[in-house]
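Please look through the sequence and the three-dimensional structure shown here, and keep both in view while you read.

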Amino acid sequence: MKNYDVIIVGAGTAGMTAAIYALRGGKKTLILERENIGGQIALSPKVQNIPSIFEISGGEFADRLFSQISDLGVDFELEEVLKIEKSDNSFKVITDYNEYAASAVILASGVKHRKLNVPGEEKFLGKGVYYCALCDGAFYTGREVALVGDGNTALQYALMLSDIASKLTVVTMFDKFFGEKALENALRAKANVEIISDYVAEEILGGDEFTGVRFKKTKGEGTFDLSAAALFVAIGQVADDALYKDLVETDKQGFILTDEMMRTDVPGLYAAGDCRVKNVRQLTTAASDGAVAATDALAYIATL
Ligand SMILES: Cc1cc2nc3c(=O)[nH]c(=O)nc-3n(C[C@H](O)[C@H](O)[C@H](O)COP(=O)(O)OP(=O)(O)OC[C@H]3O[C@@H](n4cnc5c(N)ncnc54)[C@H](O)[C@@H]3O)c2cc1C
């Protein structure tokens, strides 16, 4: 079994920032990532709220962070962490391919997409129903598609889809968007976008193939069926707690409780970024959490 000072679960902004601090503190550090380097932001075309960087694509931001930690000598494995066990002063981290040991572990595993939880959603997952317009939108170039959601991610996805689809129907739960005004104005200016307010998805329609969505009024009676080639769902995120729910204390939603040094209730185990209980889930706060967690982990390891 390979031994590390620090093992970080997740190569998103929180995890990679934690790695910068752990490596600069001279610690042997491993990052384990199950999907893609950069986490959520890797799929965002435009980021404009990182201090001193006017604009950068999420992909470039993630690549630059990864180059930075590679330069500092991080060990990286594309493996999913399935279980973490603590015994005495050490953690065993079990992945789909290996087992590792570490003195400290930083959970930086982010969140997962909120689902609609309506009939047909699971059946047409990846065959008409998608949660990432940047990943799957291009398959529907020149076709009529729909999107549900009303926050910043929904607005960003809608703008992107409106550039490639022949028509985009955006359905919102209430009669307003909750994202940035500039994004909303840009969307409302698009000629091929129709916005329908005060409806929620009731059922995904189709026999063998996806054909559309049945919506019902948010308040009161009434439904309508929308024909579309695909539905993109951008209705927020929820805790992805399968890995850690039996290990650390969480809130009722499954987000990890920490103190201000990112310590969980298990000594040597930290949580950083979107996976922990917090009010602002952004790149800057994820980076901050990662820095704090790794700094405290260095102090913790020094006491062992
Ligand atoms: C479309 C979109 C646009 C956004 N735009 C902005 C923006 O402009 N500005 C801004 O500040 N914020 C933005 N955000 C929010 C920002 O991306 C997040 O707050 C930030 O990515 C959180 O970082 P994180 O490291 O905590 O989690 P994540 O980025 O979610 O990274 C977590 C990583 O952990 C990995 N992981 C999870 N479980 C395991 C496991 N068991 N084993 C191994 N790996 C695992 C995941 O695959 C993922 O790569 C946006 C989010 C989205 C979805």
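This is a predicted model: local features need pLDDT of at least 70, side-chain atom pairs count only at pLDDT 80 or more; totals for chains, interfaces and linings use all residues.

Residues are numbered from 1 along each chain as its sequence is written, and side-chain values use heavy atoms, with hydrogens and water left out.

We begin with the cysteines. If a disulfide is taken to be a pair of cysteine sulfur atoms within 2.5 Å, the count comes to one disulfide, and this bond joins Cys-132 to Cys-135, with an S to S distance of 2.1 Å. The torsion about the S-S bond of Cys-132 and Cys-135 is about 80 degrees, so the disulfide is right-handed. To describe the surroundings of a residue, we call it buried under 20% relative accessible area, exposed over 50%, and partly exposed in between (1.4 Å probe, protein chains only). Cys-132 is buried because its relative accessibility is 6%, whereas Cys-135, at 37%, is partly exposed. Another cysteine, Cys-275, has a relative accessible area of 0% and is therefore buried.

Next comes the backbone. Most residues other than glycine have a negative phi. Ser-52, although it is not a glycine, has a positive phi of about 75 degrees, and Asn-117, also a residue other than glycine, has a positive phi near 55 degrees. Where do Ser-52 and Asn-117 lie? With helices (H or I, at least four residues) and strands (E, at least two) taken as DSSP runs numbered from the N terminus, Ser-52 is in the loop between strand S2 (29–32) and helix H2 (58–71), and Asn-117 is in the loop between strand S7 (111–113) and strand S8 (129–130). Ser-52 counts as exposed because its relative accessibility is 73%, and Asn-117, with a relative accessible area of 67%, is exposed as well.

Finally, we turn to the helices. Two packed helices are described by the angle between their axes and the distance between the axes. Here the axes are lines fitted to C-alpha atoms, for helices over the stretch in contact, and angles run from 0 to 180 degrees between N-to-C directions. Helix H1 (residues 13–24) packs with helix H6 (residues 283–302) at an angle of about 40 degrees, and their axes are 7 Å apart. Where contact means heavy atoms within 4.5 Å, the residues of H1 that meet H6 include Thr-13, Ala-14 and Tyr-21, and those of H6 that meet H1 include Leu-283, Gly-290 and Leu-298.
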